[in-house]
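Dear colleague,

Please find below the structure that I am handing over to you, together with its sequence. My notes on what was found in it follow directly after.

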Amino acid sequence: MSSAITPDLLPLTAETGPAGLAVGRVPLTELARRFGTPLFVYDEEHLRQRCREAVAAFGRDSVAYASKAFLCTAMARLVHEEGLLLDVASGGELRVALHGGAPADRIVLHGNNKSDRELRTAVSAGVRHIVVDSFDEMDRIERLHWESGLPPVRVRLRVAPGVAAGAHEAIRTGGSDSKFGFGLAGGVASAAVRRTVSSPAMILDGVHAHVGSQVLRTAELAAGAAAVARFACEAGVRGLTVGGGLGVAYEAGQTVPSFADWAAGVRAAVRGAGWSGGLTVEPGRSIAARAGLTLYRVGTIKRIEGVRTYVGVDGGMSDNPRPALYDGRYEAFLPRCPEAERPLRARLVGKHCESGDVLIDDAALPADLRVSDLLATPVTGAYGYAMASNYNKLPRPAVVFVRDGRARVVVRRETEEDLLRLDADLPPDADAFPAAGTVAAER
Ligand code: LLP
């Protein structure tokens, strides 16, 4: 693999001009100059296009963007404008979704261990429904109903269908040995249905399952959908959500199903299982991944004779932990020469204090790569910024959206001042702990 980066790994509006690769008609070299590196760049047109394709395939009100893949105020606004619902998995994601202008009735709340506070906020705001994950959560919803006078809430029950799929153990969720949901096995999910129906605090709205993530074969997504659809028929519920999971190509040569393929596969599967009602999906990665890329500056090139070459950039596992966590694989190219052959093999590493800080184990790069070059890793729009950390006290990168020749910062770069924002540098005898009651009330 020494050929140039292939267009199917780049955002839709990517094109090569005199200044190298441009996205949204803005050269990447110019973005790096203006906004610094590391930098997350999103093609706004690509994001919108993916939202539209998903809605075209599944129908309006049938697509909830899984905001965990990438969320900020601008992204929440964008997906809402494109007619998608938003799936949030914490009070924090709920807050950002609302802040981005998504009305509560366009938002669904997930989570295997929702706090009282998250439940209270969601029910008071009037979310579309809550995906209930456990009997303990039902206890909490009922207690809040009795104690705080919250109205009954619409719920979908998260089911563990006994079908797991996905590119890595850590992102396979639908099996019976899972922290998520009520098992279909042993009648647990049926008991959850009975409990919901008899509860004055909950209105049973449907069932839900998510089998896993980065799934490249629709047959696996369809198998999970069929299992949960059979259960939905038995339970006599109104709604069915079959989760997200559609994979994306991270490297040349990977083929991925389209939204239309996914829709055809799961529709056929749920029909075959006897389900004739509506269907909701929750794509995250497949909306955001290819729309985004990360720009880094090359700072060091170390050649170890007879061993390998290391190329060090100014970010690393703090802005992309996926290689370390899931053996995630990426490609790289130089925005100044996107059409160049890439015969040089090197390990692309970050600047963190550990050897596991690898972005690409065996990257293909142009032969004339040099220190101070701008380097890009495409397909980093999902679970990159979303999972970014301050490891080694690196400030998190900025995020820019580009469109029609214009770039706008949607998340500003963290500063070193931001790194001190939460530190409470109190003298040793100061009472650093709030009273116990305050902590309890905050739960
Ligand atoms: N719905 C539920 C209930 C989920 O748990 C997830 C992902 C999705 C939808 C969206 O799945 P997607 O369409 O993005 O595959 N950090 C990992 C991925 C974790 C996915 C967790 N749940 C990664 O970087 O690969």
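Helices (H or I, at least four residues) and strands (E, at least two) are DSSP runs, numbered from the N terminus. Please note that this is a predicted model, in which local features need pLDDT of at least 70 and side-chain atom pairs count only at pLDDT 80 or more, while totals for chains, interfaces and linings use all residues. Residues are numbered from 1 along each chain as its sequence is written, and side-chain values use heavy atoms, with hydrogens and water left out.

Helix 4

Helix 4 spans residues 91-99, and its buried residues are E93, L94 and A97. Here buried means under 20% relative accessible area, exposed over 50%, and partly exposed in between (1.4 Å probe, protein chains only). The face turned away from the buried side carries the exposed residues R95 and H99. The cover over the buried residues of helix 4 includes helix 3 (73-81), strand 6 (85-88), strand 7 (107-109) and helix 5 (116-125). At the start of helix 4, a side-chain oxygen of S90 comes to within 3.2 Å of the backbone nitrogen of G92.

Salt bridges

The structure holds 30 salt bridges, a salt bridge being a side-chain nitrogen of Lys or Arg within 4 Å of a carboxyl oxygen of Asp or Glu.

- R195 and D139 form a salt bridge in which the closest N and O atoms are 2.8 Å apart. This pair links distant parts of the chain, with R195 in helix 7 (residues 188-197) and D139 in helix 6 (residues 135-148), 56 residues apart. R195 counts as partly exposed at 22% relative accessibility, and D139 counts as partly exposed at 39%.
- D368 and R336 meet through their side chains in a salt bridge (3.1 Å, N to O). D368 lies in the loop between strand 16 (358-365) and strand 17 (374-378), and R336 in the loop between helix 11 (322-326) and strand 15 (344-349), so the pair ties together parts that are 32 residues apart in sequence. D368 is partly exposed at 40% relative accessibility, and R336 is partly exposed at 30%.
- R347 and D361 form a salt bridge, with the closest N and O atoms 2.8 Å apart. R347 is in strand 15 and D361 in strand 16, 14 residues apart. R347 is buried, with a relative accessible area of 16%, whereas D361 counts as partly exposed at 43%.

There is also a network of salt bridges that links E44, E45, R48, R52, E81, E82, R403 and R408.

The two domains

The protein chain is divided into domain 1 (7-42 + 290-420) and domain 2 (44-286); these bounds come from an automatic or database domain assignment. The C-alpha centres of the two domains lie 31 Å apart. Between them, domain 1 and domain 2 bury about 2,500 Å², 61% of it on carbon and sulfur atoms. Buried area is the accessible area (1.4 Å probe) that two parts lose on being put together, summed over both. Of the area that domain 1 buries against domain 2, Y383, F401 and R403 supply 24%, more than any other three residues.

In terms of contact (heavy atoms within 4.5 Å), 28 residues of domain 1 meet 22 residues of domain 2. The count between domain 1 and domain 2 is four salt bridges. E44 forms a salt bridge with R403, the closest N and O atoms being 3.6 Å apart.

Residue S148

S148 is placed in helix 6 and is partly exposed, with a relative accessible area of 38%. Not counting residues up to four places away in sequence, S148 touches R120 and R143. S148 and R120 are 28 residues apart in sequence and 8.6 Å apart in space, C-alpha to C-alpha.

With kind regards

Conventions. A polar contact is a pair of N or O atoms within 3.5 Å; within protein, one must be able to donate a hydrogen and the other to accept it, and residues adjacent in sequence count only if both atoms are side-chain atoms.
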